[in-house]
Amino acid sequence: MAKYTLGRLGMSLVTLLLIATLTFLLMNSVPGGPWLSEKTPSPETIKALNEKYGLDKPMIVQLGMYFENLIQGDMGVSLKMQKNRPVVDIITEMFPVSAKIGFFAILWAALAGVALGAIAAYQRGAWVDSLLRIVATIGISMPSFVVASLLLTTFAGSNASLRFFPTIFDAALGVKAYILPCFALGVYPMCYIARQTRSAMLDALGQDYIKTAKAKGMKNTPIIFKHALRNALIPVITYLGPQIAFTFCGGFVVETVFSVPGLGRYFIQSISNRDYPIIMGTTIFLAAFIIVMNFLADFLYRVVDPRISIGQGGK
Amino acid sequence: MDNTEKKLLEVKDLRVSFFTPAGEVKAVGGISYDLGCGEVMGIVGESGSGKSVEAYSIMGLLQSPGKVIGGSISFEGEDVLAYDKDQMLDFRGKKVSMIFQNPMTSLNPVYTIGNQLAEALRTHNKGISPAQANGKAMEMLTLVGINNVGKRMKQYPHEFSGGMRQRVMIAMGLICSPKLLIADEPTTALDVTIQAQILELMKELQKKTGMGIIFITHNLGVVAEICDKVSVMYAGKIIEQGKVDDIFYKPGHPYTIGLLRSMPRVDAEAYERLIPIDGTPVDMLNPPDGCPFAPRCEHCMQICLTKMPPYIALGEDHRSACWLRVQEKLNGGEGQNNG
């Protein structure tokens, strides 16, 4: 187990290194730069700025310096959006906002998705199943900007009788501010999880051990929740691992529509602003988060299914 | 068995059909048999002959679109088909248990053996404490010949071999002391040496507990090993039934004879070959009129193709549905029928 964890850790570092390098190269190959704005500064100013932030050095040197600083926990400073503010500070400020919304979004999505998927599988072919299938298909095919905009215009729009929620996100309002973004962000994962649970449950319900459980004289409820569901959870966990990371780091669209000052929105803005250190910082942060979540998911498999052993192939 | 005693199980004219989009499939077309307490009956037949379907209908485990459309099943005098949902749950696993063909997949891979064994007990004994249930589970495991029970209880199915898993299945089936055990091809998926061990175990447990067993198989050798009597099924009908010796030494139906000829024997001469039954099983969507075996039968007569033969008694508790036997009877009961 320890050996396995170490190996995984090494692999993760290599992955991170590759991602960072790739991002760095891609980012620099895109035309434009952080200094461009409505009023283009003079070439001398640009040159001075480039020198100050080290952008005049060869790319390989820049990359080396970046990694050197990264190891010391320094992700550089923002070049433009919050000029000279350390990227680490920016991430620590914005991530909690995204993570809070993401947590509740993925929580309701997982609970509702698994429950609805299980019910649909059990009621296969009945109207509940058909209804859920329609809802899930709509939820999956509808782009999140449509979902978010619909919610916003309906429940936080000009119709006063339906305006239950603030139009512009304000953390000071508490729960009220979070409901719409959480809901909007969770719709897609919920539908996806519901569909996946349904098919995995159908598969599980057709297995011989379900027949055994029935032959024991067990009632349907324990058969479904004890015997079938646990076996059906593996694909859901596979999906949930990286999805939690994505959702925690904020949905760009949802954060934009609801004006949430979260990491997701900021990440996309940093790209259009060519604020290189922020792009690098958020990418590495997100990548590391996904790697950690995948590791956790692998660990959870072991908990859910004893046949999967970590590291060694069986005993 | 004493005939005056109340029968453990009486099946009368049971009919089960599957209503598929392509039409009605009469999987079981009116079968009758009874089983006394402590009797072991084999149901023999090829794939698709309806032997498993018949067993599932006793357990109330028929899957849609299968449906019992006629006949009766009575267990200790009670009409099983009239049971409501709760009565059925109480019946299943407690009075009648079932073990299945494939021990590799019949245990839930994500729970320990101990958990699954205790669960069988606790389903029917709500008041029992976990410690008591575990104790009983360990007792059962010991009974079916599993060593190192304490450790085994905490293991998962994948840590057991096929034969061991079937032992666990048997322990699970017997944990509530049922009066009847339905074994649906319990040895088919196991290799031959393990088959023999499992059969030996079942025989031994049957003697210990005095339960009745319905042993579903396509293997006549297994039947000879363990059963008191045999019903031979073909295309959803019992075409011959009788005591094990009658079936083996005085078979009355060409299908039974064919089955016996296609079975390898230790005492066969080296040059003797197994003789397969020609033809293919009946298309159950369009079963022939008359005897279902007629198209494959070497003795097929005109009447066989048009009318299903009635049962002819060939001896005590031995009957067969074949026009050949009907003819013999009419001609004065010669041939194999010597009463």
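Hi everyone! Two strands pair if DSSP finds at least two bridges between them, and strands (E, at least two residues) and helices (H or I, at least four) are DSSP runs numbered from the N terminus. What we have here is a predicted model, where local features need pLDDT of at least 70, side-chain atom pairs count only at pLDDT 80 or more, and totals for chains, interfaces and linings use all residues. Residues are numbered from 1 along each chain as its sequence is written, while chains are lettered from A and ligands numbered from 1 in the order in which they are written.

Let's look at strands in chain B. β9(B), residues 229–234, and β10(B) form a hairpin with 2 residues between them, and in that turn B:A235 has a positive phi of about 50°. The two strands run antiparallel, joined by 6 bridges; B:Y234 has B:K237 as its bridge partner.

What else does β10(B) pair with? With β12(B), residues 318–321, in the antiparallel sense over 2 bridges; there, B:Q241 stands opposite B:R319. Of the 7 residues of β10(B), 237–243, 6 are buried, meaning 20 or more other C-beta atoms, placed from the backbone, lie within 10 Å of the residue's own.

Now, helices. α4(B), residues 113–124, and α7(B), residues 162–174, pack at about 25° with axes 8 Å apart; axes are lines fitted to C-alpha atoms over the stretch in contact, with angles from 0 to 180 degrees between N-to-C directions. These helices are therefore roughly parallel, the word for angles under 35 degrees.

Key:
Angles under 35 degrees count as roughly parallel, over 145 as roughly antiparallel, 65 to 115 as roughly perpendicular and the rest as oblique. A residue is buried if 20 or more other C-beta atoms lie within 10 Å of its own, exposed if 12 or fewer, and partly exposed in between; C-beta atoms are placed from the backbone.
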